[in-house]
Amino acid sequence: MHLSRPRPSPWRELVLVASLLACGICQASGQVSIISSPWIEGFEALLELQNVPEGVQEYSWHRGANDSADSMIVSYQPPSHAWQRGPMYSSRENVTVKGHLVIKDSLLNDTGSYTVRLDLGNETQRATGWLEIHKWEGDPGISANTTSVVEYRDPMAVFCHTNVTDATRIQWYVNALNVSSNEQMTISPDRKTLTLHQLSRYDFTIRCGIENVLGLPQKSDIISPKVFYGPDSVLLRTKPSKFSSVLAAEVGSTVQLDCTSTSSPEPTYLWIHNGSFLSSAASLSFPSLTWEQMGRYRCIVENPVAQLRFYRDIRIQRPRTIPDIRTGFYLSGSLAVFFIGMTVLGGVYLCGVLIYFLITRFSTRTSRAI
């Protein structure tokens with residue numbers, strides 16, 4: 001991406017304010033002086049006058065440190081709006097109504113001293129200033145040692161290609177945010193190398209930028225890293241629904257097993273049934289479940305680039321039957337006859353014991369009486 005050459009008017013005032021701190025050659029207080037700042041080749045350059053007195057009859061601009069006739073560029077007379085070209089005129093110079101010198105399509109060889117002479121009628125004032133024209137710095141280039149990394153594992157080094165030697169003018173941007181050295185990344189002392197110790201799937205854009213002599217930003221193209229990640233987990237959906245890791249299904253019923261996971265690139269799938277390979281599809285479908293299809297299933301999900309693997313187990317079995325427990329007390333016919341007979345025999349036995357006890361006791365009392 002290349003920046004188009006901006007019109008000078010929006011930022012001219014900012015440049016002039018900054019130039020007050022670093023004007024070329026300033027005269028004593030109350031004396032006219034020239035204000036200038038660095039300009040870029042091809043742009044409009046400006047030499048502005050400060051402390052201009054009232055009643056100026058003529059502004060005369062000269063190339064160099066003197067105001068000789070041979071060095072004159074152009075002169076301008078405010079009362080009559082007349083102006084005159086000099087030997088140093090190149091058709092790119094113009095004088096404004098306030099006496100400022102404007103140079104269109106500035107060139108590198110426009111750099112140098114400029115002198116202005118003000119004719120006030122009864123006196124003359126002079127001032128000399130310096131104009132600096134810089135070559136246009138192209139947008140920085142950018143490259144990287146790799147653009148494909150595994151999340152939270154692989155580092156990445158990004159290089160900013162620019163001729164700028166002032167490190168403070170070089171900036172780095174991750175996801176459009178200006179960044180500095182921290183735990184996740186390190187910027188080299190010359191600020192031309194950015195090392196990201198680890199990246200996440202949410203690191204979308206990386207670029208560098210420079211600040212040109214006008215203070216305007218110029219940014220490189222964007223590098224979009226390819227970050228491989230996952231699988232984070234394995235999700236197993238079933239029809240009918242499972243309870244814990246058990247799916248209850250009758251023989252002949254329809255069963256569906258779907259294994260899914262989030263991963264980049266797309267993960268590979270592997271189904272194991274009772275310890276043996278079954279399928280490499282993400283889903284299993286049994287329109288009519290058989291006895292042989294009962295048992296333990298394991299879905300294995302793997303990221304072939306990140307070399308990460310997760311699995312989920314499930315068991316298909318018949319529903320458990322609950323026995324019919326009766327609450328009443330029941331006896332079969334033969335068992336009832338047995339219990340009745342034992343009851344009768346028990347009663348006869350007890351009666352015999354009782355009769356024996358009574359006879360024995362009566363005989364004992366009779367013997368004592370005799």
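A surface patch here joins nonpolar side chains within 5 Å, taken from residues with over 30% relative accessible area and no salt bridge. Keep that in mind for the first stop. The model is predicted.

**Stop 1: the nonpolar patch**

Select Leu-335, Phe-338, Phe-339, Met-342 and Leu-345. Together they form a nonpolar patch on the surface, with about 500 Å² of accessible area. Now pick out Leu-335. This residue lies in helix H2, which covers residues 333-369. Its relative accessibility is 33%, so Leu-335 counts as partly exposed.

**Stop 2: a mixed sheet**

Next, show strands S23, S29, S28, S25 and S26. These 5 strands form an open sheet in the order S23-S29-S28-S25-S26, and the pairing is mixed. Which strands stand at the edges? They are S23 (246-248) and S26 (276-279). Each has a single partner strand, so one side of each is left without a neighbour in the sheet. From one strand to the next, the twist averages 30 degrees.

Zoom in on S25, residues 268-273. S25 pairs with S26 in the antiparallel sense, over 3 bridges. Select Ile-272 and look across to S26: its bridge partner there is Phe-277.

**Stop 3**

Select Arg-298 and Asp-313. Their side chains meet in a salt bridge, at 2.7 Å from N to O. Arg-298 lies in strand S28 (residues 295-303) and Asp-313 in strand S29 (residues 308-317), so the pair ties together parts that are 15 residues apart in sequence. Arg-298 is partly exposed, with a relative accessible area of 23%. Asp-313 is partly exposed too, at 21%.

Now select Arg-309 and Glu-302. Here is another salt bridge between side chains, at 3.1 Å from N to O. Is Arg-309 buried or exposed? Its relative accessible area is 53%, so Arg-309 is exposed. Glu-302 has 25% relative accessibility and counts as partly exposed.

**Stop 4: an antiparallel sheet**

Move to strands S16, S15, S19 and S20. These 4 strands form an open sheet in the order S16-S15-S19-S20, with antiparallel pairing. S16 (177-179) and S20 (217-219) stand at the edges. Each of them has a single partner strand, so one side of each lacks a neighbour in the sheet. The twist averages 40 degrees from one strand to the next.

Look at S19, residues 206-211. S19 and S20 pair in the antiparallel sense over 3 bridges. Select Ile-210: opposite it in S20 stands Gln-218.

**Stop 5: Tyr-173**

Select Tyr-173 in strand S15, residues 170-174. At 13% relative accessibility, under the 20% limit, Tyr-173 counts as buried. What is in contact with Tyr-173, leaving aside its neighbours within four places in sequence? The list is Asn-178, Val-179, Thr-205, Ile-206, Arg-207, Cys-208, Gly-209 and Lys-219. The C-alpha atoms of Tyr-173 and Gly-209 are separated by 7.9 Å, though the residues are 36 apart along the chain.

**Stop 6**

A search of the whole structure finds 11 salt bridges. Select Arg-201 and Asp-232 for one of them, at 3.1 Å from N to O. Arg-201 is in the loop between S18 (193-196) and S19, and Asp-232 in the loop between S21 (226-228) and S22 (235-239). The pair links distant parts of the chain, 31 residues apart. Arg-201 is partly exposed at 21%, and Asp-232 is partly exposed at 42%.

Finish with Asp-67, Arg-117 and Arg-126, which are linked in a network of salt bridges.

Note on methods:
Residues numbered from 1 in each chain as written. Predicted model: local features only at pLDDT ≥ 70, side-chain atom pairs only at ≥ 80, totals over all residues. Heavy atoms only, no water. Patch = residues over 30% accessible without salt bridge, like charges linked within 9 Å, V, L, I, M, F, W, Y side chains within 5 Å. Areas by Shrake-Rupley, 256 points an atom, 1.4 Å probe, with all protein chains shown as cover. Salt bridge = Lys/Arg side-chain N within 4 Å of Asp/Glu carboxyl O. Helix = DSSP H or I, 4+ residues; strand = E, 2+ residues; numbered from the N terminus. Buried < 20%, exposed > 50% of the residue type's maximum accessible area, 1.4 Å probe, protein only. Pairing = 2+ DSSP bridges. Axes fitted to C-alpha atoms, helices over the stretch in contact; angles between N-to-C directions. Contact = heavy atoms within 4.5 Å.
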